[in-house]
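Subject: Structure handover

Hello,

Please find the structure below, with the sequence. My notes on it follow.

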Amino acid sequence: MSSHSGLRRRLVLGGSATLLSAPLAAAQRALTPSQMLGPFYPVTPPLHQDNDLTRVEGRSGRALGQIADLSGRVLDLDGRPLAGLRVEIWQCDANGRYRHPRDRGDVEEDPNFQGFGHTVTDAEGRYRFRTIRPVPYPGRTPHIHAAVIQEGTRPFVTQIYVAGEPLNLRDGLFTRVPEALRPLLLADFVPADDPVATLAAEFDFVLAPVLAGLFEANTA
C-alpha cells in the first residue's frame, strides 16, 4: 500500500462516529476532493469498452510511455466498500494529446493509446486499470481524470496527481485544494514486478455525495 493510500485509509477507518459527528471542515479530511470534468471527456463513447488504455482493438502495438497499473478501492465515509459502481478514467497520451476533436491538432496522436477506460468495482469495492504514468499537458501538471458513477446519482469526478511531481505546486487546479487535503489526490507511482507494467499506483476514492462539487474548476 502506498503512503498516500495508507493516509486515506487511516482517515476513513479512524472512526466513522467521530467523522459523522464532526464539523464539515473536519469531515472533509477523510473525503476525496472533487474536481470538474474538464473539456476533454469523450464526445462519444469509445468503441473499446475495457480497462486497458494501453491497447486499441484492431492494433498490435502498445501505447507509448511508462506503462502503469492503477488500482484501489471505492469506499464510503465509514470505510465500507462500494460494489458495482462504474469507474472511468481518461488522460492525454505520452505525446500530451487527448483523444478528443477539440484538442491540439499540431501534436501527433499516439494511435495505440485508448485514452479512456472503464471498469466496475467488485464486491470489495476494488477497481483496476492499465494505463501510462501521466505526463504534463500545457499549463497542467501530470494528472489522470477519474469519475465514479452510480446509477441515478450525480457522478463523482476528480483528478489523480503524481506524488512528488515538481509541477504540482505550479498547477492552478491542484493548488486550489487546501494544502491539508492535497495528499488525498496523490498517488505514488512505484516500480512494479510485472513483465508489462513497469509502475504501479494505488488510489482509493472516499465518497460522500453531499460533498460532491467541492473545489471544482473547469480546466484540462
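A residue is called buried when its relative accessible area is under 20%, exposed when that area is over 50%, and partly exposed in between. By that cut-off Trp90 is buried, because its relative accessible area is 1%. Please keep in mind that this is a predicted model.

Overall make-up

The protein chain has four helices and 10 strands. Along the sequence they follow the pattern α-α-α-β-β-β-β-β-β-α-β-β-β-β. Of the 220 residues in the protein chain, 52% are buried. The chain exposes about 10200 Å², and carbon and sulfur atoms supply 54% of that area. Taking contacts between residues at least 6 apart in sequence, 73% join residues at least 24 apart.

Strand pairing

Five strands form an open sheet with mixed pairing, in the order β3-β2-β5-β6-β7. Its edge strands are β3 and β7 (186-187), each of which pairs on one side only. Strand β6 (residues 156-162) runs parallel to β7, and two bridges join them. Val162 stands opposite Ala187 in β7.

A further pairing involves β1 (residues 67-76) and β4, which run antiparallel and are joined by seven bridges. Ala68 has Thr131 in β4 as its bridge partner. Strand β4 covers residues 126-132 and is mostly covered, with five of its seven residues buried.

Aromatic pairs around Tyr41

A search of the whole structure finds nine aromatic pairs. One of them is Tyr41 with Trp90: the ring centres are 4.8 Å apart and the planes stand at 85 degrees, so the pair is edge-to-face. This pair links distant parts of the chain, since Tyr41 lies in the loop between α3 (24-27) and β1 while Trp90 is in strand β2 (residues 86-90), 49 residues apart. Tyr41 has 27% relative accessibility and therefore counts as partly exposed.

Tyr41 also pairs with Phe116. Their ring centres are 5.9 Å apart with the planes at 90 degrees, so this pair is edge-to-face as well. Here too distant parts of the chain are linked: Tyr41 in the loop between α3 and β1, and Phe116 in strand β3, 75 residues apart. Phe116 counts as buried, because its relative accessibility is 4%.

Is His118 buried or exposed? Its relative accessible area is 15%, so His118 is buried. The side chain of His118 makes a polar contact with the side chain of Arg86, at 3.3 Å. Leaving aside neighbours within four places in sequence, His118 is in contact with Gln49, Asp50, Asn51, Arg86, Val87, Glu88 and Phe129.

Points to look at first

In the viewer, I would start with Tyr41, whose ring pairs edge-to-face with that of Trp90 and with that of Phe116.

Regards

Terms used
Residues numbered from 1 in each chain as written. Predicted model: local features only at pLDDT ≥ 70, side-chain atom pairs only at ≥ 80, totals over all residues. Heavy atoms only, no water. Buried < 20%, exposed > 50% of the residue type's maximum accessible area, 1.4 Å probe, protein only. Pairing = 2+ DSSP bridges. Contact = heavy atoms within 4.5 Å. Areas by Shrake-Rupley, 256 points an atom, 1.4 Å probe, with all protein chains shown as cover. Polar contact = N/O pair within 3.5 Å; in protein donor to acceptor, adjacent residues only side chain to side chain. Phe/Tyr/Trp six-rings, centres within 6.5 Å; stacked < 30°, edge-to-face > 60°.
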